[in-house]
Amino acid sequence: MNVQISLATEDDWARVRDIRLRALREDAFAFGSSLEREERFKEKHWRMRVRTVPTWLAAADDGEVLGLVSMLQEPGSPTDDRHVISLWVAPEARRRGVGWALLDAIRQAAIADGARTVSLWLVDGNNAAGDLYVRAGFTRTGERMKLPRDPDITEERYVLKLPRHR
């Protein structure tokens, strides 16, 4: 597999939409949003979403998009933290380096943006993703919250400390 990572721009809104909707269709339990909600979004919303979240990275092999990750600096969070909104890898590409490639690209983008940490929230029971994050250097914080779309589901915060840059 020859994974290539590219930054998605506003003009890539349809590609982002397609992979995001596929992720919600195939692994709805892993996300804070729902397929029903995001299927209602029009082109204008998708464009705005890609434009306002500064980092959308797509992983592709031979032109086929196999994964997507997004990251931003959340309002109200420390200025040196970047937050991963979502990471998803297509089932046929799992355990083939796509997740690692996306996490490495996110790490590099966060460092280039002056971040000292990268954080994310992981839904309880998503053990495969949790294993990937821990192997990639993230630590569990023990900080927990209810998933906004379903208070019966809990998620935990993970943090990756980045090397100091000079």
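Contact here means heavy atoms within 4.5 Å of each other. The structure is a predicted model, in which local features need pLDDT of at least 70 and side-chain atom pairs count only at pLDDT 80 or more, while totals for chains, interfaces and linings use all residues. Residues are numbered from 1 along each chain as its sequence is written, and side-chain values use heavy atoms, with hydrogens and water left out. Helices (H or I, at least four residues) and strands (E, at least two) are DSSP runs, numbered from the N terminus.

Leaving aside neighbours within four places in sequence, Arg107 is in contact with Ala136, Leu160 and Leu162. Arg107 and Ala136 are 29 residues apart in sequence, and their C-alpha atoms are 9.9 Å apart in space. With a relative accessible area of 22%, Arg107 is partly exposed; buried means under 20% relative accessible area, exposed over 50%, and partly exposed in between (1.4 Å probe, protein chains only).

Helix H4 also has a helix partner. Two packed helices are described by the angle between their axes and the distance between the axes. Axes are lines fitted to C-alpha atoms, for helices over the stretch in contact, and angles run from 0 to 180 degrees between N-to-C directions. Helix H4 (residues 98-112) packs with helix H5 (residues 127-135) at an angle of about 50°, the axes being 11 Å apart. H4 and H5 are therefore oblique to each other; angles under 35 degrees count as roughly parallel, over 145 as roughly antiparallel, 65 to 115 as roughly perpendicular and the rest as oblique. On the H4 side, Gly99, Trp100 and Leu103 meet Leu132, Tyr133 and Arg135 in H5. The residues of this contact of H4 with H5 divide into four nonpolar, one polar and one charged. In this division Ala, Val, Leu, Ile, Met, Phe, Trp, Tyr, Cys and Pro count as nonpolar, Asp, Glu, Lys and Arg as charged, and the others, Gly among them, as polar.

At 1.5 Å a residue, the 14 residues of helix H1 (residues 13-26) should span 20 Å, and the end C-alpha atoms are 20 Å apart, which agrees; the expected span of a helix is 1.5 Å times one less than its number of residues. The buried residues of H1 are Trp13, Val16, Ile19, Arg20, Leu21, Ala23 and Leu24. These buried residues pack against helix H2 (35-39), helix H3 (43-52), strand S2 (55-61), strand S3 (64-72) and strand S4 (81-89).

H1 and H3 pack at an angle of about 95°, with their axes 9 Å apart, and are therefore roughly perpendicular to each other. The contact is made by Trp13, Val16, Arg17, Arg20 and Leu21 of H1 and by Glu43, Trp46, Arg47, Arg49 and Val50 of H3. The residues of the contact of H1 with H3 divide into five nonpolar, no polar and five charged.

Glu26 also lies in helix H1 and is partly exposed, with a relative accessible area of 37%. Apart from neighbours within four places in sequence, Glu26 is in contact with Trp88 and Pro91. The C-alpha atoms of Glu26 and Ala90 are separated by 8.6 Å, although these residues are 64 residues apart along the chain.

Two buried strand residues come next. Val123 is found in strand S5 (residues 117-123) and is buried, with a relative accessible area of 5%. Not counting residues up to four places away in sequence, Val123 touches Phe29, Ala30, Leu147, Ile153, Thr154 and Glu155. Glu155 lies in strand S7 (residues 150-161) and is buried, with a relative accessible area of 8%. Under that sequence limit of four places, the residues touched by Glu155 include Trp121, Val123, Asp124, Arg144 and Leu147. Val123 and Arg144 are 21 residues apart in sequence and 9.6 Å apart in space, C-alpha to C-alpha.

The last topic is backbone geometry in two loops. Most residues other than glycine have a negative phi, and most peptide bonds are trans. Phi of Asp62 is near 55°, a positive value in a residue other than glycine. Asp62 lies in the loop between S2 and S3 and, at 74% relative accessibility, counts as exposed. Arg95 has a positive phi of about 65° although it is not a glycine. Arg95 is found in the loop between S4 and H4 and, at 74% relative accessibility, counts as exposed.
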